[in-house]
Amino acid sequence: MDIATLRSAHPDHWRKACAIRMLAIDAVQAANSGHPGMPMGMADVATVLFSKHLKFDATNPEWPDRDRFILSAGHGSMLLYALLHLTGSPGMTIEEIKNFRQWGSKTAGHPEYGHARGIETTTGPLGQGISNSVGFAIAEESLRARFGRKIVDHHTWVIAGDGCLMEGVSQEAIGLAGMQKLSKLIVLWDNNNISIDGKISLSDLTDQRARFAAAGWTVLHCDGHDPDDIDRAMTAAKASDKPVMIDCKTHIGFGSPKKQDTAGAHGSPIGAEEIVKVREIYGWDYPAFVIPADLKAEWEAIGSRGGQDRAAWDARLNDLSAAKRDEFNRVMGREAPKKLGAVLRALKKQMSEAKPKVPTRKSSEMVLEVVSPIMPELLGGSADLTGSNLTKTAGQGIFNAENRKGTYIHYGIREHGMAAAMNGMVLHGGVRPYGGTFLCFTDYARGAMRLSALMGVPTIYVMTHDSIGQGEDGPTHQPIEHLAICRATPNTWLFRPADTIETAEAYELALNATKTPSVLALSRQNLPTLRTEHTSKNLTAQGAYVLAEATGKRQAILIATGSEVQIALKARELLEAEGIGTRVVSMPCMELFAEQPESYRRKVLPAGPVRVAIEAAGSFGWDRWLSGERGRTGKSGFIGMKGFGASAPAEKLYIEFGITAEATVAEVKSLL
């Protein structure tokens, strides 16, 4: 539909949509930076969505049963900010719009979760939003099965562009959503045929409708500038028993004489002269950032329309039994059950007495076996490695279209899609996901793992086969640099436990976290129980602690993680036998140790003794604990990997790569 027809046939809609367009145009122009074309093109779709279909209450953006709106095409962030401002979302003032992309503003270049209320997820990297949305929809299904339709019954709406659909993670998400028949998920494809480089035909010829249909989606289409046609498609979408993709054919930079349907509208201001012409074409006679009072009132009425639904929902929530209501509030608030600490302490005591020799991936399974019954919100899974990751417990049913009460998901070989979906589950609320694969394949999940940290969501990554101890599969499957990559990521806890006791402690921390994701790096090979004297205290919470003290004058400190702690203890025996007093420090989490008071760190790593770290990985990141923190460069060493691994049994690999107690002893002696 062209602008003249649209203005004539739908004047009220046109004014509302133009308010979005002009706020986007003016904000990008003021910032001299941004993406005006997408909001100009999708304003009609967004106006119909918010005015006729989206269930929300702008005065309470955190209402648990609201529809979720995800702007996967995050470069068009001014579309979302304009909608939040116009509908009256708390804190999204006109000053915030004017300060688009400026220091300290809530209106960052791309939507940032936590910056402003009403932003459901961070969607800078393309493909992440649509992939998060699968997790949102899974969480909605899981919670509805648990608490009932009267408490949980809402849709997840997504605006995605060509870039989102080109990113590989989108195929993982689309395939998973189709298989799971997530009928409350509706994707609005901004089909404007433009990317930064120009026409989409320069780089892609995919038939997106056929692609979605092949993955089990319902596929609809509409004229993205005809409000009646948009409304028709959205109404049909809500009646589908499968996830829905609506092909919304739009013009990027809609109404710009020079830039409509060109890459010039995508990522830069349209320019002062062009804005004058666009104002005339739109019939918009107001100065920059001015929304007439009557139009703002109309938008605010849209924003408050859901207040009645929310009040009715509040009443239904209050009608629940006190226990069920408290449980709903607990899981939505990311609160671990009060029993968690006691259950894990009991397991620790049992393990310190039984002294099992098992891989820490098995230790993880033991923890999950006792935690799952008291944390029904746990939703586990694996990227097609369930039998290797040991992520499924005996009591977990499979979550699928036939059993929404299941608490285990078969993600298939979709590491990135799994990680992004788990982020979506946490962001939705009410679900605590964990997912497994091999540590080496964090490479495939990295984009979503980084966003876990950036957004501050406590997603749990269960990453097994964490070293050359993986063995015969060889260097393609043996992580070397991966521990360092995780540790280098801000706001991430990397746990590498040495036995079942430390594994239980790591889980306690991860499950109680509210703003930090955790990566559990777990062994394939058997490890002995090292903590044989039970203590209720969570020593892993300190990041590092003295596991074995020197019997005589302390001359050496061995620092180790995970499977190499047993090597450090063996080396200590050999050194002590030669009269060299040796302390062993277990360091399951560098990040938590770094957060400890300097007085505690000094107690664990005092000045004086030589230091040797032992880890079957690269040395990157160890300098602080070896030559820093009162250490000395000439009096510290590292026993670990200097290159990639090889294919052989684990025992042979440790010998050939020199990660042994004997090599550790030799290193200590060379430093003394």
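Which side chain meets that of Arg279 in a salt bridge? The points below begin with that pair, and it should be kept in mind throughout that the model is predicted.

1. The side chain of Arg279 meets that of Asp26 in a salt bridge, with an N to O distance of 3.1 Å. Because Arg279 belongs to helix H11 (residues 272-282) and Asp26 to helix H2, the pair ties together parts that are 253 residues apart in sequence. Arg279 is buried, with a relative accessible area of 15%, and Asp26 also counts as buried, at 6% relative accessibility.

2. A salt bridge of 2.6 Å, N to O, joins the side chains of Lys184 and Asp153. This pair links distant parts of the chain, 31 residues apart, with Lys184 in the loop between helix H8 (168-180) and strand S3 (185-191) and Asp153 in the loop between helix H6 (128-147) and strand S2 (156-161). Lys184 is buried, with a relative accessible area of 13%, whereas Asp153 is partly exposed, with a value of 21%; the cut-off for buried is under 20%.

3. The side chains of Glu578 and Lys669 likewise meet in a salt bridge, at 2.6 Å from N to O. Glu578 sits in the loop between helix H22 (565-577) and strand S16 (581-586) and Lys669 in helix H27 (residues 661-671), so the pair ties together parts that are 91 residues apart in sequence. Glu578 counts as partly exposed at 47% relative accessibility, and Lys669 is partly exposed with a relative accessible area of 38%.

4. The structure holds 38 salt bridges, and besides the pairs described above there is a network of them that links Glu598, Arg601, Arg602, Arg624, Glu629 and Arg630.

5. Turning to helix geometry, the 12 residues of helix H12 (residues 293-304) should span 16 Å at 1.5 Å a residue, and the end C-alpha atoms are 16 Å apart, which agrees. Within H12, the residues Leu295, Lys296, Trp299, Ile302 and Gly303 are buried. They cover an arc of only 115 degrees around the axis, which means that they are on the same side of H12. As a general point, an α-helix has 3.6 residues a turn, so residues three or four places apart point the same way. The cover over the buried residues of H12 includes helix H2 (11-31), helix H3 (37-53) and helix H4 (77-87).

6. Strand S8 (residues 378-382) is mostly covered, in that five of its five residues are buried. Both faces are covered, with Leu378, Gly380 and Ser382 buried on one side and Leu379 and Gly381 buried on the other. S8 pairs with strand S10 (residues 432-438) in the parallel sense over three bridges, where Ser382 has Gly436 as its bridge partner. Three bridges also join S8 to strand S9 (residues 408-410), again running parallel, and there the bridge partner of Gly381 is Ile409.

7. Asn389, in helix H17 (residues 386-389), is buried with a relative accessible area of 0%. The side chain of Asn389 makes a polar contact of 2.7 Å with the side chain of Ser382, and a polar atom of the Asn389 side chain lies 3.3 Å from the backbone oxygen of Thr437. If neighbours within four places in sequence are left aside, the residues in contact with Asn389 are Arg361, Ser382, Gly436, Thr437, Phe438 and Thr464.

Notes
Residues numbered from 1 in each chain as written. Predicted model: local features only at pLDDT ≥ 70, side-chain atom pairs only at ≥ 80, totals over all residues. Heavy atoms only, no water. Helix = DSSP H or I, 4+ residues; strand = E, 2+ residues; numbered from the N terminus. Expected span 1.5 Å × (residues − 1). Buried < 20%, exposed > 50% of the residue type's maximum accessible area, 1.4 Å probe, protein only. Arc of directions from axis to C-beta. Contact = heavy atoms within 4.5 Å. Polar contact = N/O pair within 3.5 Å; in protein donor to acceptor, adjacent residues only side chain to side chain. Salt bridge = Lys/Arg side-chain N within 4 Å of Asp/Glu carboxyl O. Pairing = 2+ DSSP bridges.
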